[in-house]
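The following account leads the reader through the architecture of a single protein chain.

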Amino acid sequence: MIPAKSSIKKMLGELPLTAEVYWHIMQSGKPIRGFKLKKLARALPVLCEQAASSQNKIKPQRKVLLFATLPHWVAHTTVLGLALAGLGNEVSLAYLPYPKWQKPINRFDLRRHNAYVRQILAQAKPLIRSISWLDSSPFNKSLPAKLKKSIENQALNDSQYILQTEEVNLEDDLYRFRLKRNTDVACAALTWLQRHRPDVVIIPNGTILEFGAVYQVVKYLSVPVVTYEFDEKRGHLWLAQNSEVMLQETDDLWALYKDRQLSPEQWKMITSLFEARQEARLWEEFSRQWQNLPRQGSEDIHAKLGLDSRPIILLVPNLLGDSVTLKRQIFSKGMTDWLERTLQFFASRSGVQLVVRIHPNESLLLPHGTSMVEVARRALPIMPEHIHLIEADAQVNTYDLVEISNLGLAYTTTVGMEMSMIGIPVIVCGQTHYRGKGFTLDPHSWDEYFSLLESFISDSGIYRLSPEQIERAWNYAYFFYFDYPLPFPWHLLQFWDDLERWPLEKVLGDEGQQRFGKTFYCMVGEPLC
């Protein structure tokens with residue numbers, strides 16, 4: 001019965017108007033399972049009225065293209081589009097009605113989703129011109145070679161992200177699915193952007209899934225692009241211009257702040273935040289706890305792990321497959337390769353103690369995929385007595401390990417930055433935002449990396465940080481947590497609650513523009529600095 005139904009849907013999905021007529025007759029105004037925009041549908045009349053009555057207009061005004069897929073991002077970008085339209089910009093919203101990123105959907109249901117989204121977004125006219133790229137008939141049936149290669153790499157990154165592993169078989173169904181979908185998306189985006197060139201394209205994230213595929217097209221065409229994403233700080237977002245926001249390229253902004261002397265109030269803020277992170281407490285707008293228990297003290301951790309007086313090297317890998325680790329390799333093939341080769345290097349070097357602290361939230365945030373514990377045990381099936389593997393759910397606070405360490409090894413985790421803040425030298429092996437900022441050791445090859453390790457083994461005090469480097473690390477930490485995020489009213493995870501606190505009318509008014517105006521300016525291409 002089910003195969004027969006699927007076959008009928010597959011057949012009907014290829015016939016013109018069948019899905020749309022079925023939806024309008026049988027389900028008009030109603031979502032089908034997996035793509036619900038009920039709150040947006042109810043809110044749009046008032047939101048459009050508030051945007052249309054806005055008196056604050058920015059200059060210069062721009063032709064803006066927003067892109068979204070998945071229900072939560074469609075809702076978020078629609079309201080963002082109304083805000084930009086209320087500020088005087090000419091706004092288009094291109095969308096794809098995919099309900100999920102990891103599973104294919106038959107074309108009959110996809111077209112019903114499309115009809116549903118189209119009907120809802122029609123309420124936003126004339127403030128937003130909505131465009132379904134599912135409806136487009138791309139004259140680009142294939143991609144130029146350079147863009148094709150980028151889309152293939154995108155499919156690989158997507159598979160790593162979904163499977164939470166760096167090891168992907170290019171013959172697997174998931175990779176082939178992501179490659180086909182990304183290619184379809186890229187063909188549609190390329191066709192539209194070659195016909196209609198906006199002043200700026202705004203894309204959430206820009207590193208993974210359909211968002212990443214569209215970013216690659218925009219980059220290929222050299223159209224100005226802005227990407228944005230949310231992290232742990234409520235009321236703020238990360239924003240990047242002509243770059244993927246998850247790469248966290250802070251160099252240009254940091255150049256404005258690097259010589260700053262923190263004021264007493266700024267010192268108080270960053271030290272309070274640091275203490276809260278160490279003690280597994282939430283702090284003000286920051287909504288994430290990265291430790292599973294408060295600190296227990298250095299004596300306790302020495303006894304618990306059976307550590308002795310030999311120098312201690314702390315290796316802190318990230319969550320595998322997280323978007324802050326994708327495309328960050330410098331000399332290794334990836335984080336897995338880095339961990340494996342580092343463990344093998346230390347296997348015969350018993351003059352030091354290596355502690356590998358698996359990310360405390362790995363078991364919570366990685367319900368499937370490859371654990372870094374598996375990677376470590378594959379590299380060294382039998383762990384020597386001087387190598388200690390601390391699993392994700394171990395009752396150990398990472399900052400207790402930091403306190404007793406003589407050297408840190410990091411890929412992209414912010415723990416590496418925090419070790420520098422208390423004077424511990426750190427070797428950074430992935431392209432993270434704090435690499436190259438003057439307080440870390442930054443090898444560019446395996447030879448450089450292993451040479452740094454050999455030097456430390458010979459003299460554990462060789463890389464001691466200067467007071468100036470420690471102060472710079474604190475200054476950078478303040479910059480990263482308090483200057484780099486831009487104020488923004490609506491966080492994705494608390495979107496509708498935030499919209500109640502900051503209705504569009506208030507955001508577009510004098511109070512909202514005083515607080516968020518710079519962010520909206522930067523979103524349409526005005527310089528960040």
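Which residues in α6 meet which residues in α8? On the α6 side they are K146, L147, S150, I151, Q154, D158 and I162, and on the α8 side L209, G212, A213, Q216, V217 and Y220. The model that shows this contact is a predicted one. Two packed helices are described by the angle between their axes and by the distance between those axes. Helix α6 spans residues 145–163, and its axis runs 10 Å from that of α8 at an angle of about 155°. Because angles over 145 degrees count as roughly antiparallel, α6 is roughly antiparallel to α8. The crossing of these two helices is right-handed.

Helix α8, residues 209–221, also packs against helix α7, residues 173–195, with the axes 9 Å apart and an angle of about 40° between them. This angle makes α7 oblique to α8. From α7, the contact draws on R178, R181, N182, V185, A186, A189, L190, L193 and Q194; from α8, it draws on L209, E210, A213, V214, V217, V218, Y220 and L221. The crossing of α7 past α8 is right-handed. Among the α8 residues, L209, A213, V217 and Y220 take part in the contact with α7, and L209, A213, V217 and Y220 likewise meet α6. R181 of α7, named in the contact with α8, also has its charged end over the ring of Y98, 3.6 Å from the ring centre.

A further helix pair is formed by α10, residues 264–278, and α18, residues 467–483. Since angles of 65 to 115 degrees count as roughly perpendicular, α10 is roughly perpendicular to α18. Here Q266, W267, M269, I270, T271, L273, F274 and R277 of α10 meet E471, W474, A477, Y478, Y481 and F482 of α18.

Attention may now turn to the aromatic residues. The count of aromatic pairs comes to 35. One of these pairs joins F479 and Y484, whose ring centres are 6.3 Å apart and whose planes stand at 45°, a tilted arrangement. Both partners are buried: F479 has a relative accessible area of 0%, and Y484 has one of 5%. Elsewhere, one aromatic cluster is formed by F67, W73, W133, W192, F211, Y228, F230, F488, W490 and F520.

Helix α12, residues 335–346, contains T342. Is T342 buried or exposed? With a relative accessible area of 0%, T342 is buried, because a residue counts as buried under 20%. Apart from neighbours within four places in sequence, T342 is in contact with L315, L409 and Y449. A charge also sits over the ring of F345: the charged end of R349 lies 3.8 Å from the centre of that ring.

These details belong to a protein chain with 21 helices and 12 strands. Of its 529 residues, 57% count as buried. Among contacts in the chain with a separation of 6 or more, 75% involve residues 24 or more positions apart.

Key:
Residues are numbered from 1 along each chain as its sequence is written. This is a predicted model: local features need pLDDT of at least 70, side-chain atom pairs count only at pLDDT 80 or more; totals for chains, interfaces and linings use all residues. Side-chain values use heavy atoms; hydrogens and water are left out. Helices (H or I, at least four residues) and strands (E, at least two) are DSSP runs, numbered from the N terminus. Buried means under 20% relative accessible area, exposed over 50%, partly exposed in between (1.4 Å probe, protein chains only). Contact means heavy atoms within 4.5 Å. Rings of Phe, Tyr and Trp (its six-membered ring) pair if their centres lie within 6.5 Å; planes under 30 degrees apart count as stacked, over 60 as edge-to-face and the rest as tilted. A charge sits over a ring if NZ of Lys or CZ of Arg is within 6 Å of the ring centre and within 35 degrees of the ring normal. Axes are lines fitted to C-alpha atoms, for helices over the stretch in contact, and angles run from 0 to 180 degrees between N-to-C directions. Angles under 35 degrees count as roughly parallel, over 145 as roughly antiparallel, 65 to 115 as roughly perpendicular and the rest as oblique. A crossing is left-handed if the near helix is turned anticlockwise from the far one by less than a right angle, and right-handed if clockwise.
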